[in-house]
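Subject: Structure handover and what was found in it

Dear colleague,

I am passing the structure below on to you, and after it you will find an account of what came out of the analysis. Please read the account with the structure open beside it.

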Amino acid sequence: EEAKDAAAATPNSSGKTIPGLSITNENHIYKITLNRPKKFNAITWEMYDGLVDSLKEADADPSVKLVVITGAGDYYCSGNDLGNFSKIAEVGKEKLAEHAGGVFDRFVKAFIDFEKPLIFAVNGPAVGIAVTLLPLANLVYASDSATFHTPFVTLGQSAEGTSTYNFPRLMGSLKASEVLIFGRKLTAEEAYERNLVNEVIPKASFAAEVDKRIAQFAKLPPQALKINKNIVRDVDREALHKVNEREVKVLMNRWLSKECEQALTAFMTRKK
Amino acid sequence: EEAKDAAAATPNSSGKTIPGLSITNENHIYKITLNRPKKFNAITWEMYDGLVDSLKEADADPSVKLVVITGAGDYYCSGNDLGNFSKIAEVGKEKLAEHAGGVFDRFVKAFIDFEKPLIFAVNGPAVGIAVTLLPLANLVYASDSATFHTPFVTLGQSAEGTSTYNFPRLMGSLKASEVLIFGRKLTAEEAYERNLVNEVIPKASFAAEVDKRIAQFAKLPPQALKINKNIVRDVDREALHKVNEREVKVLMNRWLSKECEQALTAFMTRKK
Amino acid sequence: EEAKDAAAATPNSSGKTIPGLSITNENHIYKITLNRPKKFNAITWEMYDGLVDSLKEADADPSVKLVVITGAGDYYCSGNDLGNFSKIAEVGKEKLAEHAGGVFDRFVKAFIDFEKPLIFAVNGPAVGIAVTLLPLANLVYASDSATFHTPFVTLGQSAEGTSTYNFPRLMGSLKASEVLIFGRKLTAEEAYERNLVNEVIPKASFAAEVDKRIAQFAKLPPQALKINKNIVRDVDREALHKVNEREVKVLMNRWLSKECEQALTAFMTRKK
């Protein structure tokens, strides 16, 4: 199945090819497309690390002013690929949880410390870590076909992506709890009202409208963009790193729990 | 007068009867009803301590997944029973302020550290500490007959219940100041817009609709519920305890002030 | 040009005349009017220091319960007077940046530590520091002719006035970034939705409606007003001072940058 998507992999400018990601870099805009449409752009171990490398590359390239992340096809991103846990029998639960914790930790850290303005263009449904990461950007555009779902409790897991810090600060602790604890799925309009989205754009014109806005931003002076992005982030940077560490630790424990095992088995069985 | 409400007192599962509170514990849901409808469910010293004990009992009972707090009759809760201050002449101002400070401190602490998801079902008007406590829950449902009023300044008192921390984080510091300093009374709809309420439900179907939603939540895995509640709370726990201490100290001074004495006298006189 | 506005200067109660400011002090209300309408009430070095002195005077006067700040004419305030930088050739960039940094630092500090409730009555368009300061008040009224614009990046500068802390806490980090980094100008209605404004009032009745509301607040007990203002501020006071220091340091570096020089030259040239 992943082989079918292999065409989607394009070399980034350092010449490395990352399966599941397509990258362009022109007119000061570094654009990453999650490109496994048949898997609803679920994130594999390779894609996590590939995204980290891409952010580093974009930071290091002086011609880049902005990074944009979007999805190919009708879905934005279905979150963590549950196939990532398929090697449980082979490697053992503990080893796998440790590996997964390390990947998540590095991944979220890269978004906390990314130094240039970051824009998410959510072209369709988003799930799990694809939702919780959004507040680490500087702008989120959403297609009116987008939905936002974080079913952590149903899956026996726990909130990540610094969402336990960022969501209460976007929408207040009560509406954040509704989403993170009780798993309420939000429409694009609801996500806008809860400050998780800056603008809702009709699906038909989504990509074109986003491109138009970003082209304008790419004319702004690069140092001022970078400095203002970081002076806003600096206020919360330390707290975000602390929260990420705690969330990863709790999540690693969850992955080893009976509840999580049962929930994932139920979910996998339902799917087939 | 309180004797008339004594029928409302029901033993909790440890066999203790708490006047003014009715408690049920079934289907994983521990439900506390403030039950002094003739006094608009104003909270007596006994009820403060009774609520603290109830939260501890709910935490300790492994069958309990969620706690719900609501009010009997048309009112949700008129806040601190001003009758609590009726013994001033007898005990002396200083002693009474010290006692009251201790009660408030323990009461708010119990809500900060309660370990399971907590839901307030605000069935009608709420005043004072019945309003300020709301953000310490994980969900707040409001009847469309509910109002939210914190007339601290008019009564010569000061904001409590960790509201000086939580309200600015729900609705921003300006709208929080409007409520906490200038005493603006909110409708249910305004409270929703300010993130103090998750959903407004028509009064006629309020209890039934709330029960329906909570029954769904009670099917979720208990460990994941508890862990996600606490990972969200952990972000602010230390700050909340610090704020509670400061608020109680300031409030104890307020109770000893001329302004507070005059305001309470004016209020009591008006009432009779 | 400034001479034309000199008539606007009125002595404050300590007998000092501050060019560009008109001050009245009656019925417990200390009212400061930014009064350089021909310059859109842009803030000169003298006005910065005059505002600091006025806040100190209002704090020290026991008859004052509230401070109100508004603008004369159709504009509220166009922010920092770019004429403040006209002495660059004479004094040198470094000296001027150091002077400006000192002025900004003292100015913002005075708002953080002002001890009584503060109300901004935004009678028309607001720009730059006139916008970023707003969350340091306790209430913001806006005329429906008001707009809110912070074009820091376009001008090669960086966010100040503790906005990097306060704006994400009012409207969430994403909508704050839209304003502070990408310079989105808000209408009064949008500012209300983003918690930067408490109430939008039609321009025709703005002054009268604001006066009516404030006259009511001026009846409240003064100690309770002051104490509640400070107990809310105390939660964030330390963080606000730290943020102000960082913002001033970054801004001083910006003023010395090539980007800022080019942007200001372009802006000045465009104006004439």
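This is a predicted model: local features need pLDDT of at least 70, side-chain atom pairs count only at pLDDT 80 or more; totals for chains, interfaces and linings use all residues.

Over all chains the count comes to 51 salt bridges, a salt bridge being a side-chain nitrogen of Lys or Arg within 4 Å of a carboxyl oxygen of Asp or Glu. One of them joins A:Asp74 to A:Lys203, with the closest N and O atoms 2.9 Å apart. Because A:Asp74 lies in the loop between β3 and α2 (88-91) of chain A, and A:Lys203 in the loop between β9 and α7 of that chain, the pair ties together parts that are 129 residues apart in sequence.

Residues are numbered from 1 along each chain as its sequence is written, chains are lettered from A and ligands numbered from 1 in the order in which they are written, and side-chain values use heavy atoms, with hydrogens and water left out.

On the relation between the copies: with superposition by least squares on the C-alpha atoms of residues with pLDDT of at least 70 in both, chain A can be laid on chain B with an RMSD of 0.0 Å by a turn of 120 degrees and a shift of 0.0 Å along the axis. That is the relation of a three-fold axis. Chain C is laid on chain A by a turn of 120 degrees as well, with a shift of 0.0 Å along the axis and an RMSD of 0.0 Å. In chain A the residue that comes closest to the rotation axis is A:Arg169, at 3.8 Å (C-alpha), and in chain C it is C:Arg169, at 3.8 Å (C-alpha).

That arginine returns at the interfaces. Between chain A and chain B the count is one salt bridge, in which the side chains of A:Arg169 and B:Asp236 meet at 2.7 Å, N to O. There are also twelve residue pairs in polar contact between these two chains, both residues being at pLDDT 80 or more; a polar contact is a pair of N or O atoms within 3.5 Å, where within protein one must be able to donate a hydrogen and the other to accept it, and residues adjacent in sequence count only if both atoms are side-chain atoms. On the side of chain A that touches chain B, α5 (163-180) and α9 (237-255) of chain A each supply at least two residues, and the largest share, twelve residues, comes from α5(A). Helices here are DSSP runs of H or I with at least four residues, strands are runs of E with at least two, and both are numbered from the N terminus.

In total, 28 residues from chain A and 32 residues from chain B take part in the contact, which means heavy atoms within 4.5 Å. The two chains bury about 2,500 Å² between them, 62% of it on carbon and sulfur atoms, where buried area is the accessible area (1.4 Å probe) that two parts lose on being put together, summed over both. A:Leu174, A:Lys175 and A:Phe182 supply 30% of the area that chain A buries against chain B, more than any other three residues. Only 7% of the interface residues of chain A are also interface residues in chain B, so the copies meet through different surfaces.

For chain C against chain A, 28 residues of chain C are in contact with 32 residues of chain A, and the area buried is about 2,500 Å², of which carbon and sulfur atoms give 62%. The rule finds one salt bridge across this interface, formed by C:Arg169 and A:Asp236 with the closest N and O atoms 2.7 Å apart, and eleven residue pairs in polar contact, both at pLDDT 80 or more.

Finally, the fold of chain A. Six strands form an open sheet with mixed pairing, in the order β1-β2-β3-β4-β6-β9, where two strands pair if DSSP finds at least two bridges between them. The edges are held by β1 (21-26) and β9 (199-201) of chain A, each with a single partner strand, so one side of each is left without a neighbour in the sheet. Within the sheet, β3 (residues 66-71) and β4 (residues 118-122) of chain A run parallel and are joined by four bridges, and A:Val68 stands opposite A:Ile119 in β4(A).

With best regards
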